Amino acid sequence: MSDLTLILLAAGNSSRFKTPVKKQWLRIGHDPLWLYVTNRIKENLPSVNIVIAAHADEIPFMRPMCDYTIVQGGATRQQSLKNALTQVNTSYVMVTDIARSCVDPDLIDRLIASKDAADTIVPVLDVHDTVVYEGATIERENVKRVQTPQLSRTDVLRRALETDIEYTDESSAVVAAGGSRCFVPGDTRAAKITHTSDLGALECLIPPSAAVFTGNGFDVHGFEADKPMVLGGVSIDSPVGFKAHSDGDVAIHALIDALLGAACLGDIGMLFPDTDNAYKNIDSKELLKECVSK
């Protein structure tokens with residue numbers, strides 16, 4: 001389907017995941033999760049346009065890793081989607097979350113096959129347990145578990161999102177705006193990663209690669225009179241120091257660049273820009289600690 005754009009939402013903070021690393025950056029084989037999921041869907045839709053909504057701080061690290069369109073996400077899922085839609089010129093748009101990691105090709109095929117059935121096509125799962133809502137048992141046949149990806153007519157979705165009401169999925173916004181919705185069978189394999197315990201249930205995810213990554217770094221600074229000289233974290237008695245925004249410790253700066261290179265995380269200037277006064281004359285050992293923590 002060539003008249004289709006795929007939007008992947010990856011700007012969240014992973015607050016419920018409870019790990020030092022955001023789930024978007026978990027390594028699946030050689031790739032971070034956001035890239036693994038995108039490439040996996042791309043294999044099934046080779047001609048599709050792709051837009052990824054990401055956190056502003058992470059975009060500089062993502063762009064060198066792919067040739068997909070990456071836009072700045074917003075404070076909410078809905079705002080991220082609206083930002084991504086500014087890059088969409090196709091009649092249809094398919095939206096999913098990076099956390100929905102194991103979307104099966106058959107599910108995508110079901111969505112596309114039903115594209116003319118309604119304004120938005122939604123995969124759902126039936127509920128097999130008894131359901132109690134506000135103290136009353138309700139008919140479980142009337143309850144559906146909504147999944148993504150969801151396929152929508154682009155113009156309808158854009159109009160539906162012209163509201164201050166925040167919706168947790170596209171179809172809810174479309175229906176609230178008077179649009180039509182069609183359900184198709186979902187897939188239990190398209191479960192969403194919310195907590196770390198969810199990882200073990202997703203069969204498509206493979207362990208991180210055991211390959212050893214290497215990096216190299218170098219740093220050069222001129223001299224500045226009457227500035228303390230620090231090299232390798234050691235203060236040296238000298239009439240000059242290194243001319244730099246920080247303390248200018250070239251040995252530690254080179255080490256930081258090597259570490260970042262091995263981790264595919266850019267360079268010291270990206271993480272600690274000389275335009276940020278927070279790093280003015282900072283001890284480079286502190287930069288190294290922050291680098292390692294990332």
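Tutor: The largest nonpolar core has 56 residues, and Ile52, Met94, Leu205 and Ile256 touch the most other members. Helix α1 (residues 33–44) gives this core its largest share, six residues. Helices (H or I, at least four residues) and strands (E, at least two) are DSSP runs, numbered from the N terminus. The model is predicted: local features need pLDDT of at least 70, side-chain atom pairs count only at pLDDT 80 or more, and totals for chains, interfaces and linings use all residues. Residues are numbered from 1 along each chain as its sequence is written, and side-chain values use heavy atoms, without hydrogens and water.

Student: What makes a set of residues a nonpolar core?

Tutor: Its members are buried Ala, Val, Leu, Ile, Met, Phe, Trp, Tyr and Cys residues, joined through side-chain atoms within 4.5 Å. A second, separate core has 17 residues, including Ala84, Val88, Val93 and Val174.

Student: Which residues does Ile52 contact?

Tutor: Contact means heavy atoms within 4.5 Å. Beyond four places in sequence, the partners of Ile52 are Leu8, Ala10, Trp34, Thr38, Met62, Tyr68, Thr69, Ile70 and Val71.

Student: Why is Thr5 called buried?

Tutor: Buried means under 20% relative accessible area, exposed over 50%, partly exposed in between (1.4 Å probe, protein chains only). Thr5 has 1%, so Thr5 is buried. Thr5 lies in strand β1 (residues 4–10). Thr5 and Val93 are 88 residues apart in sequence, yet 4.8 Å apart in space, C-alpha to C-alpha. Val93 is also among the contacts of Thr5, as are Val88 and Met94.

Student: How do you know that Cys102 and Cys204 form a disulfide?

Tutor: A disulfide is a pair of cysteine sulfur atoms within 2.5 Å. Here the S to S distance is 1.9 Å, and the pair qualifies. The count comes to one disulfide. The two cysteines sit 102 residues apart: Cys102 in the loop between β6 (92–97) and α4 (105–113), Cys204 in the loop between β12 (181–185) and β13 (223–225).

Student: Why is this disulfide called left-handed?

Tutor: The torsion about the S-S bond of Cys102 and Cys204 is about -80°, so the disulfide is left-handed.

Student: Are these cysteines buried or exposed?

Tutor: Cys102 has 4% relative accessibility, so Cys102 counts as buried. Cys204 has 14%, so Cys204 is buried.

Student: Why is Val234 called partly exposed?

Tutor: Its relative accessible area is 48%, so Val234 falls in the partly exposed class. Val234 is in strand β15 (residues 234–236).

Student: What makes the phi of Glu134 stand out?

Tutor: Most residues other than glycine have a negative phi, and most peptide bonds are trans. Glu134 has a phi near 50°, a positive value. Glu134 is in the loop between β8 (131–133) and β9 (136–138). Its relative accessible area is 70%, so Glu134 is exposed.

Student: Where is Asp226, and what is its phi?

Tutor: Asp226 is in the loop between β13 and β14 (229–231). Its phi is near 65°, positive in a residue other than glycine. At 76% relative accessible area, Asp226 is exposed.

Student: What is the omega of the bond from Thr148 to Pro149?

Tutor: Omega is near 10°, and the peptide bond is cis. Pro149 is in the loop between β10 (144–146) and β11 (150–153).
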